Amino acid sequence: MSDTVRSASRVLDILEYLAGAPDGATLSECVSSLGMPKSSTLMLLRTVASRGYAIKDSDDRYRLNNAFAKYGFGWGGHRLTRLMAIAEPIMDDLCRAVGETVLLGVSGATGIKTIAKVVSDQIVHYDHDISVEIAPYCTAMGRVLMAYSPVQQVDSMLSAWPLVKRTPKTVTDIDELRQIIRRTRDQGYAIVEEEFASGGTGIAAPIFDQNRQILAMLDVGAVTSRFHDKRDMVIRHLCRSAEQMTNAINHKSTT
């Protein structure tokens, strides 16, 4: 009697194969390498992609979600896989609409964990390594998270990271940061201009769960010089996309 379940083994085969393919793999490559029928391989790939463990790019290549590749089964997929599936087309549309990089972030161990990104095809564009958690105090996603979190959690996030000046514009005064956090909640989004990285501006808005608790943050990472010329347009599209994700994750229709 076998100690393995064939369907479960095939799912793990897919994940293990993609883990060893940093550039991703097409359906045909998976079929050839794993020796499985094309139809069942396609369904397995669609399943792991729909659950957020893999991502299908514009070239029809499947690759592991970077967050899953980095953190394994502790990446938070049990509560975020549906969000990942919902987010992908919305993020693609937002990137095209604003012409800048789009990121999706959640609360990490002590900072912000970016779980997905769509990088702008502009020659000069914003990007960062999503395998590394980023500080909440000097990022738009972090300030949005703190704006909708309990006071005790905000205190923990602010104390978890040294308040150092990453750039000459980084705000490190604790009282000023608390004022910015309150203002972020009042306006419904955060703008951080060249505090995390010189030449880059982050604009973030919240995504809520069914209890109106913050679930994730949608962010536009823009080149500062371009952002100034389209500020209102970027904010409008970003907030609309974040609301679209909130509605979709909570099964609400949009008007």
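Helices α6 and α8 are roughly perpendicular to each other, a label given to angles of 65 to 115 degrees, while angles under 35 count as roughly parallel, over 145 as roughly antiparallel and the rest as oblique. The model is predicted, so local features need pLDDT of at least 70 and side-chain atom pairs count only at pLDDT 80 or more, whereas totals for chains, interfaces and linings use all residues. Residues are numbered from 1 along each chain as its sequence is written, and side-chain values use heavy atoms, with hydrogens and water left out.

**Helix packing**

- Two packed helices are described by the angle between their axes and the distance between the axes.
- The axes of α6 (residues 140-147) and α8 (residues 174-187) cross at roughly 75° and come within 8 Å.
- Such axes are lines fitted to C-alpha atoms, for helices over the stretch in contact, and the angles run from 0 to 180 degrees between N-to-C directions.
- Helices (H or I, at least four residues) and strands (E, at least two) are DSSP runs, numbered from the N terminus.
- On the α6 side, R143, V144, M146 and A147 meet L177, I180, I181, T184 and R185 of α8; contact means heavy atoms within 4.5 Å.
- The residues of this contact comprise six nonpolar, one polar and two charged.
- In this grouping, Ala, Val, Leu, Ile, Met, Phe, Trp, Tyr, Cys and Pro count as nonpolar, Asp, Glu, Lys and Arg as charged, and the others, Gly among them, as polar.

**Salt bridges**

- Side chains of opposite charge can pair when their charged atoms come close.
- The whole structure contains 10 salt bridges, each being a side-chain nitrogen of Lys or Arg within 4 Å of a carboxyl oxygen of Asp or Glu.
- In one of them, R61 pairs with E29, and the closest N and O atoms are 3.1 Å apart.
- This pair links distant parts of the chain, 32 residues apart: E29 belongs to helix α2 (residues 27-34), and R61 to the loop between β1 (54-56) and β2 (62-64).
- R61 is partly exposed at a relative accessible area of 23%, and E29 is partly exposed at 31%; buried means under 20% relative accessible area, exposed over 50%, and partly exposed in between (1.4 Å probe, protein chains only).
- D60 and K56 also form a salt bridge, at 3.5 Å from N to O.
- D60 is partly exposed at 44% relative accessibility, and K56 is partly exposed at 37%.
- E100 forms a salt bridge with R226, with 2.8 Å between the closest N and O atoms.
- E100 lies in the loop between α5 (77-98) and β3 (101-107), and R226 lies 126 residues apart from it, in helix α9 (residues 224-227).
- E100 is buried, with a relative accessible area of 0%.
- A network of salt bridges links E100, R226 and K230.

**Aromatic pair**

- A pair of aromatic rings is described by the distance of the centres and the angle of the planes.
- The count comes to one aromatic pair, where rings of Phe, Tyr and Trp (its six-membered ring) pair if their centres lie within 6.5 Å.
- The rings of Y148 and F208 have centres 5.2 Å apart and planes at 80°, so the pair is edge-to-face; planes under 30 degrees apart count as stacked, over 60 as edge-to-face and the rest as tilted.
- Y148 lies in the loop between α6 and α7 (151-160), and F208 lies in strand β6 (residues 200-208), 60 residues apart.
- Y148 is buried at 17% relative accessible area, and F208 is buried at 8%.
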